[in-house]
Amino acid sequence: MTSHIDEGLKAEEKKNEKDGGFVVPDTNSFGHNFRDYDAEGARQPGVENFYRINHINQYYDFVKRMREEYGKFNKVEMSIWECCELLNHVVDESDPDLDEPQIEHLLQTAEAIRKDYPNEDWLHLTALIHDLGKVLLHPSFGELPQWAVVGDTYPVGCAFDKSIVHHMYFQENPDYNNTAYNTKYGVYSEGCGLNNVLMSFILCFT
Ligand SMILES: [Fe+2]
C-alpha cells in the first residue's frame with residue numbers, strides 16, 4: 001500500500017528529475033535564507049538601481065570591447081592574498097544582504113564549502129578566489145564602475161532571458177530592440193557551445 005508520504009516523495013523525485021536532479025535547499029550552510037532580490041530592506045532600493053544601470057549598459061559591443069581590453073592582462077601583478085586584502089575596501093552593491101568587507105565574504109564562503117565538502121580541497125580554493133575579479137573596482141586595475149564588475153552573469157548577443165533578476169530594465173539596453181541581438185539565438189546558432197557565447201562582463205560570481 002502506498003502512503004501519502006510515499007506519494008509525496010515520489011512526486012518530489014519526479015520534479016527533481018525534471019529539474020535535472022538539482023535539489024534547492026531552503027537554507028544555506030549557516031542556516032540562513034538565500035538572497036531575495038525583492039525583499040524589502042535598507043539595501044533594496046540601491047540594489048535595484050544597481051541592476052537598472054547594469055542592464056542598460058551590458059550590451060554586446062560593450063562586452064566584446066571589455067574582453068579585448070582586459071584580456072591583455074597588462075594592468076598590475078600581485079599575489080592571490082594581496083588581491084584578497086585589496087578587496088577589503090570593496091562593498092558589492094549588487095548584493096541585497098551583504099554589506100560586510102569582501103575578504104570576510106571570501107573566507108566565509110571557503111569555510112562553508114569546507115564544512116560541506118571536507119575532502120574537496122580544490123573546491124575550498126575555488127570558493128576563496130571566486131570573487132577576486134572585484135579587484136577591477138580598485139584604481140590599480142582601472143577602477144571600473146560596479147555595474148561592469150559585479151552582478152549577474154547572463155548571455156549577451158541574444159534575447160535577455162526573463163529569469164534574469166530585474167529583467168524589465170533591459171528595455172533600455174540598446175540591444176533590446178536590435179533585431180541582430182534580440183531573437184532567441186541572436187548572433188549564435190543552436191548547439192554552438194558555451195565557449196562561443198559572450199556573457200555579461202562580470203568578473204566575479206556572487
Ligand atoms: Fe561571492
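Select H5 and H6 to start: these two helices are roughly antiparallel to each other, because the angle between them is over 145 degrees. The model is a predicted one, by the way. The packing angle is about 160 degrees, and the two axes lie 7 Å apart. Turn the view and you'll find that H5 passes H6 in a right-handed crossing.

Now show side chains where the pair touches. From H5, pick Leu106, Leu107, Thr109, Ala110, Ile113 and Arg114. Facing them in H6 are Leu123, His124, Ala127 and Leu128.

Stay on H5 and select residues 102-116. That's 15 residues, reaching 21 Å from the first C-alpha to the last, close to the 21 Å expected at 1.5 Å a residue. Which residues of H5 are buried? Color Gln102, Ile103, His105, Leu106, Ala110 and Ala112. These buried residues pack against H4 (80-86) as well as H6 (121-129). While you're looking down a helix, remember that residues three or four places apart point the same way, because an α-helix has 3.6 residues a turn.

Next stop is H2, residues 44-57. Its end C-alpha atoms are 20 Å apart, which agrees with the 20 Å that 14 residues should span at 1.5 Å a residue. For the buried residues of H2, select Gln44, Val47, Phe50, Tyr51, Asn54, His55 and Ile56.

Time to go inside. The largest nonpolar core has 40 residues. Select Phe62, Val135, Leu136, Leu144, Val156 and Phe201, which have the most contacts inside this core. The elements that give it two or more residues are H2, H3 (60-70), H4, H5 and H6. H3 gives the most, with five residues.

Zoom in on Val135. What does Val135 touch, not counting residues up to four places away in sequence? Show Cys83, Leu86, Leu87 and Phe141, and you have its partners.

Finally, zoom out and color by secondary structure. Color by burial and 36% of the 206 residues count as buried. As for contacts with a separation of 6 or more, 68% of them are between residues 24 or more positions apart.

How values were computed
Residues numbered from 1 in each chain as written. Predicted model: local features only at pLDDT ≥ 70, side-chain atom pairs only at ≥ 80, totals over all residues. Heavy atoms only, no water. Helix = DSSP H or I, 4+ residues; strand = E, 2+ residues; numbered from the N terminus. Expected span 1.5 Å × (residues − 1). Buried < 20%, exposed > 50% of the residue type's maximum accessible area, 1.4 Å probe, protein only. Contact = heavy atoms within 4.5 Å. Core = buried A, V, L, I, M, F, W, Y, C linked by side-chain atoms within 4.5 Å. Axes fitted to C-alpha atoms, helices over the stretch in contact; angles between N-to-C directions. Parallel < 35°, antiparallel > 145°, perpendicular 65-115°, else oblique. Left-handed = near helix turned anticlockwise from the far one by under 90°.
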